[in-house]
Amino acid sequence: MGGAVLPLVIASVGVLLLFQILLRLRRGASVQGAVVVITGASSGLGRECARVFHAAGARLVLCGRDAARLQEVVQELGGNSADGRRQTFAPSTVVFDLARVDSVAKAAEEILKCYGHVDVLINNAGISYRGNILDTHMSVQRDVMETNYFGPISLTQALLPSMVQRRRGHIVVISSVQGKIAIPYRSAYAASKHATQAYFDCLRAEMGHLGIPVTVISPGYIRTNMSVNAVTGDGSTYGVVDKTTASGWDPRVVARAVLKAVRLKSKDVVLAGPQPTVAIYLRTLWPALFFKLMASRACKEQRRKDE
Ligand SMILES: NC(=O)c1ccc[n+]([C@@H]2O[C@H](COP(=O)([O-])OP(=O)(O)OC[C@H]3O[C@@H](n4cnc5c(N)ncnc54)[C@H](OP(=O)(O)O)[C@@H]3O)[C@@H](O)[C@H]2O)c1
């Protein structure tokens, strides 16, 4: 009996490894010629997604508030071209402010005019926040919610009817590890990303029978200007490159993972190292310990500020 256990364990591990290798090798559907809309394409992760999807042959519609910065991205990517391997397309741009919900419906019309339909919507634009709840103006809590939650859901709802009509389309949202766990001094951001996770989980369920996949991507820290652009409790810009952000994942790696998730029509993807991943499990399996760790983190951060 004992002699049969070792070969069984080895065989099980072998099957598991093989399964993992096969999962990694899966490439999924091509995005060649697909119409892909990327919000927040002027910088950081959105800009890298633009590079990766452009190189994969997607027809891009790049969105942001700053027309000049979007044009820089367009220039960098270049016009239509075809080599032996792949055809690439000059991107289009649509300029609008996601935080002004009244402008989103008009922007959705402009987006649809570019190619007549949308195959993939990547809700990437977002803003971060640094501050303690006691000193944070309610207007800041609302503003972060407008950009990170109401903006993306308004754009999604404006583009969905055309996807439903065609029975084709794919909705992607860039959430955050902070959409799954809340860490101190990030209330507005974590709340907006938790709301995002909940909304898109509901949408996934509701779109299932219509064949429209919904992908929520939750990265940990990424090396972008996110902390520099963050708002503080009084609405001013934070303007600091946080250590955590500076040592975060390379945005090119995250952008390639976004492409893979689109190709595989993944439902929920966490892109983070072991520490945040353990924290996500701890929040569900051992909440008392998680809360203790977060309280101690808050104390440490407060002491650092007081020094
Ligand atoms: N960096 C991280 O550590 C990290 C970690 C997890 C998740 N994320 C998520 O990744 C996404 C991309 O962030 P990033 O790191 O690339 O930050 P980023 O470099 O600051 O880029 C943010 C993008 O969002 C756009 N944007 C901001 N407010 C907007 C508004 N009101 N209307 C339209 N566009 C707006 C900006 O465009 P304009 O300013 O040109 O309009 C910019 O292109 C965000 O959803 C963020 O929450 C980031």
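In which helix is Ser-139 found? Ser-139 is found in helix α5. Helices (H or I, at least four residues) and strands (E, at least two) are DSSP runs, numbered from the N terminus. The structure is a predicted model, in which local features need pLDDT of at least 70 and side-chain atom pairs count only at pLDDT 80 or more, while totals for chains, interfaces and linings use all residues. Residues are numbered from 1 along each chain as its sequence is written.

Exposure was assigned from C-beta atoms placed from the backbone: a residue is buried if 20 or more other C-beta atoms lie within 10 Å of its own, exposed if 12 or fewer, and partly exposed in between. Ser-139 is exposed, because 10 other C-beta atoms lie within 10 Å. Asp-143 also has its place in helix α5, and it counts as partly exposed because it has 18 C-beta neighbours inside 10 Å. Two residues are in contact if their C-beta atoms, placed from the backbone, lie within 7 Å. Not counting residues up to four places away in sequence, Asp-143 touches Ala-99 and Val-231. Asp-143 and Ala-188 are 45 residues apart in sequence, and their C-alpha atoms are 8.9 Å apart in space.

The loop between α5 (138-166) and β8 holds Arg-167. Arg-167 is not a glycine, although its phi is positive, at about 55°. Most residues other than glycine have a negative phi. Arg-167 is exposed, since 9 other C-beta atoms lie within 10 Å. A positive phi, near 70°, is also found for Tyr-185, a residue other than glycine. Tyr-185 lies in the loop between β8 and α6 (187-207) and counts as partly exposed, because it has 18 C-beta neighbours inside 10 Å.

The expected span of a helix is 1.5 Å times one less than its number of residues. For the 21 residues of α6 this gives 30 Å, which agrees with the 30 Å between its end C-alpha atoms. The buried residues of α6 are Ala-188, Tyr-189, Ala-190, Ser-192, Lys-193, Thr-196 and Phe-200. These buried residues of α6 pack against β7 (129-130), α5, β8 and β9.

Helix α9 (residues 251-264) has 14 residues and should span 20 Å, which agrees with the 20 Å between its end C-alpha atoms. In α9, the residues Pro-251, Val-254, Ala-255, Val-258, Ala-261 and Val-262 are buried. They lie on the same side of α9, because they cover an arc of only 115° around the axis; the arc is that of the directions from the helix axis to the C-beta atoms. The packing partners of the buried residues of α9 are α2 (44-55), β6 (120-123), β8 (170-174), β9 (214-219) and β11 (268-271). Lys-265 follows α9 and has a positive phi, near 55°.

Thr-245 is placed in helix α8 (residues 243-246). It counts as partly exposed because it has 18 C-beta neighbours inside 10 Å. Apart from neighbours within four places in sequence, Thr-245 is in contact with Tyr-221, Arg-223, Met-226 and Ser-227. Gly-220 is 25 residues from Thr-245 in sequence and 9.1 Å from it in space, C-alpha to C-alpha.

Glu-307 lies in the segment after α11 (287-306) and counts as exposed, because it has 5 C-beta neighbours inside 10 Å. A distance of 48 Å separates the C-alpha atoms of Glu-307 and Leu-60, which are 247 residues apart along the chain.
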